[in-house]
Amino acid sequence: MVATVLADGQPEIDFSAHPYMAPGPNDSRSPCPGLNTLANHGFLPRDGRNITVPMIVQAGLKGFNIQPDVLRPAAKLGLLSSPEEQSLTLEDLKLHNTLVEGDASLSREDFDINGDNLHFNETIFATLANSNPGSDVYNTTSAGQVQHARLADSIARNPNVTNTLMRGQGRSGASAFYLSVMGDPVTGVAPKQFVQIFFREERLPIEEGWKRSPVPITGATMGPLTGQIFVASDWQPTGDNCQEIVLAPMQ
């Protein structure tokens, strides 16, 4: 039997072999809906433990068609949150003010507000969910407007908010990510239904018609979307634009 190969040279994925399963009480999950979704579908270990950089790279490639040039650097940075040298537990990624976690999240509360930057927060997510009214899609303009609103909310409620240029660009990259994996990685347009399922349920909306992007998601596709979102966010510096970055958990 010869496996079907897509136009990008990657083997076609049998998603029926990766059914959604909600995490159990002893399974670990992260502040990142993308990694949680990959674990909930078995592209990553379903218990969310002993995860290595190569495992993240392969899971993202299979589940989302995100190429290694995007995921490998992010996965290596995520490893800094772990007390282990070569693996992480998904919950490790909640470590505040690392290079991958920060304030003004699209779906999590700021750590300094209530100490819970790990679990999905519907009140926070409502800013994104209710954006681009009158349309059934999100795009780079609406994504930038959501970022602007989320940052304004964090600044108003969090006296310790971190708002650096690096954070603004990082948030734009995270928004380009959800538009790319749930929609079109070239135009940055994604159906609202897919995006909302992705965040709220941390599930691939296969039953609703979602398909893995036939276009490889690379730095070359993410870069322009990230730039458009950053411009639309009208980011402005507030306070001290220097950031103390956490490079390892406290021992």
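The legends below describe several close-up views of one predicted model. Residues are numbered from 1 along each chain as its sequence is written, and side-chain values use heavy atoms, with hydrogens and water left out. Because the model is predicted, local features need pLDDT of at least 70 and side-chain atom pairs count only at pLDDT 80 or more, while totals for chains, interfaces and linings use all residues.

**View 1. The annotated span, residues 16-227.** An unreviewed UniProt entry records the annotation "domain: Heme haloperoxidase family profile" for residues 16-227; such annotations may be inferred rather than shown by experiment.

**View 2. The crossing of helices α1 and α2.** The axes of α1 (residues 33-40) and α2 (residues 53-64), which are lines fitted to C-alpha atoms over the stretch in contact, come within 10 Å and cross at roughly 80 degrees. That angle makes α1 roughly perpendicular to α2, a term that covers 65 to 115 degrees. G34, L35, T37 and L38 of α1 meet I56, A59, G60, G63 and F64 of α2, contact meaning heavy atoms within 4.5 Å. These residues divide into five nonpolar, four polar and no charged, with Gly counted among the polar ones.

**View 3. S82 in the loop between α3 and α4.** S82, placed between α3 (68-79) and α4 (111-114), counts as buried at 8% relative accessibility, buried meaning under 20% relative accessible area, exposed over 50% and partly exposed in between (1.4 Å probe, protein chains only). Leaving aside neighbours within four places in sequence, S82 is in contact with S87, L88, D92 and P249. The side chain of S82 reaches the backbone oxygen of S87 at 2.7 Å, and the C-alpha atoms of S82 and P249, although 167 residues apart along the chain, are separated by 6.6 Å.

**View 4. S233 in helix α9, and D234 after that helix.** S233 lies in α9 (residues 219-233) and is buried, with a relative accessible area of 4%. A polar atom of its side chain lies 2.6 Å from the backbone oxygen of F230, and, apart from neighbours within four places in sequence, S233 is in contact with G144, Q147 and H148. D234, in the segment after α9, counts as partly exposed at 43% relative accessibility, and its phi is near 50 degrees, a positive value in a residue other than glycine.

Technical notes
Helices (H or I, at least four residues) and strands (E, at least two) are DSSP runs, numbered from the N terminus. A polar contact is a pair of N or O atoms within 3.5 Å; within protein, one must be able to donate a hydrogen and the other to accept it, and residues adjacent in sequence count only if both atoms are side-chain atoms. Axes are lines fitted to C-alpha atoms, for helices over the stretch in contact, and angles run from 0 to 180 degrees between N-to-C directions. Angles under 35 degrees count as roughly parallel, over 145 as roughly antiparallel, 65 to 115 as roughly perpendicular and the rest as oblique.
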